[in-house]
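Here is a short briefing on one protein model.

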Amino acid sequence: MTPPALPAWDCHTHVFDDATRRPVVPGSHYIPPVRTWQDLSRTGAPHGIERFVLVQPSVYGTDNSLLLETLRESAGRARGVLVVPDETTEAELLAWREQGARGVRFNAVSGSGNGMAGYTRLAPRLRAAGWHAQFFVAPQALQGVHEAIRAGDGPDVVVDHLGGAANGAEYASIREAVFRLLDTGRVWLKASGFYRYGYPVAAWAERFGELLRELARRYPERVVWASDWPHTWFFDPAHGTAMPYGDLVGLLRDSVGDADFQRILRQNPRALYD
């Protein structure tokens with residue numbers, strides 16, 4: 001009997017409550033619309049996506065209550081990446097792990113941020129609790145991530161949104177910086193956030209397809225896919241209209257062979273989050 005296929009994962013999503021019930025951090029760069037677990041699961045289902053990673057949005061700071069509530073609501077179909085204070089204890093991390101959390105995000109791009117300094121303080125506890133560190137940094141900060149990884153015996157690291165590897169005129173140098181990170185054997189890369197790089201949709205297949213094929217060839221077990229749903233980039237009307245969810249799945253499917261597509265969508269997330 002053929003074993004059932006592993007579930008397919010979307011490895012970077014967010015949920016939001018009504019701002020009157022769950023206020024955002026003062027000074028937040030957007031006020032989110034309501035987006036629930038039911039909305040997310042209904043969006044992914046027609047495209048075969050069954051499992052989801054919920055990432056704490058910057059607008060909620062270190063109040064992870066909505067994310068943790070959603071993990072419970074998901075009945076095991078979701079994992080979580082939190083944002084936590086530097087003084088968070090290993091015992092707290094272990095308790096949240098039981099609820100489905102697997103990592104801490106260090107956001108040096110948007111919101112209040114808790115970049116490299118926070119990572120340095122938390123890294124030993126993350127490793128002890130079996131968590132990973134997730135970085136959202138500007139491409140120019142990738143060298144700092146590399147130095148932090150080399151300097152200590154910290155946890156595995158996940159880099160958001162291609163690490164900026166498709167970013168404009170600096171594409172070649174940024175891509176090489178991302179590859180140097182992946183060469184350490186301790187870094188995972190999220191194939192996500194494509195629209196943040198400003199290319200016309202017509203150019204995506206060429207630019208991102210080439211990058212995805214190279215990543216699949218060189219680092220077949222270190223890449224995961226994500227939609228970045230509900231696409232907070234487009235909460236700013238100046239950025240236009242979000243791409244359909246299925247088109248984001250299709251970009252990966254059309255860029256790599258079926259074996260790599262299945263590995264990135266199913267096998268690699270299981271290793272990282274399950």
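Of the 274 residues of the protein, 54% are buried, meaning under 20% relative accessible area with a 1.4 Å probe and protein chains only; over 50% is exposed, and in between is partly exposed. The model is predicted: local features need pLDDT of at least 70, side-chain atom pairs count only at pLDDT 80 or more, and totals for chains, interfaces and linings use all residues. Residues are numbered from 1 along each chain as its sequence is written, and side-chain values use heavy atoms, without hydrogens and water.

**Overall fold**

- The protein has nine helices and eight strands. These are DSSP runs numbered from the N terminus: helices are H or I with at least four residues, strands are E with at least two.
- A compact globule of 274 residues would have a radius of gyration near 19 Å; the protein has 18 Å, which agrees. The radius is taken over C-alpha atoms, and the globule rule is 2.2 Å times the number of residues to the power 0.38.
- Along the principal axes, the C-alpha atoms fill a box of roughly 50 × 45 × 40 Å.
- Among contacts between residues at least 6 apart in sequence, 75% join residues at least 24 apart. Contact means heavy atoms within 4.5 Å.

**Strand β4 and its partners**

- Strand β4 (residues 101–107) is mostly covered, with seven of its seven residues buried.
- Strand β3 (residues 78–82) runs parallel to β4, joined by three bridges. Strands pair if DSSP finds at least two bridges between them.
- Gly80 has Ala101 in β4 as its bridge partner.
- From β3 the chain passes through helix α3 (residues 90–98) to β4, in a right-handed β-α-β crossover. Right-handed means that, with the strands pointing away from the viewer, the path from the first strand over the helix to the second runs clockwise.
- Strand β5 (residues 132–136) also pairs with β4 in the parallel sense, over five bridges. Asn107 stands opposite Phe136 in β5.

**Pro85**

- Pro85 lies in the loop between β3 and α3. Its relative accessible area is 30%, so Pro85 is partly exposed.
- Beyond residues up to four places away in sequence, Pro85 touches Thr62 and Leu122.

**Helix α9**

- The 16 residues of α9 (residues 258–273) should span 22 Å at 1.5 Å a residue, and the end C-alpha atoms are 22 Å apart, which agrees. The expected span is 1.5 Å times one less than the number of residues.
- α9 bends by about 40 degrees at Ile264. The bend is the angle between axes fitted to the seven residues ending there and the seven starting there.
- Buried residues in α9 include Phe261, Ile264, Leu265 and Asn268.
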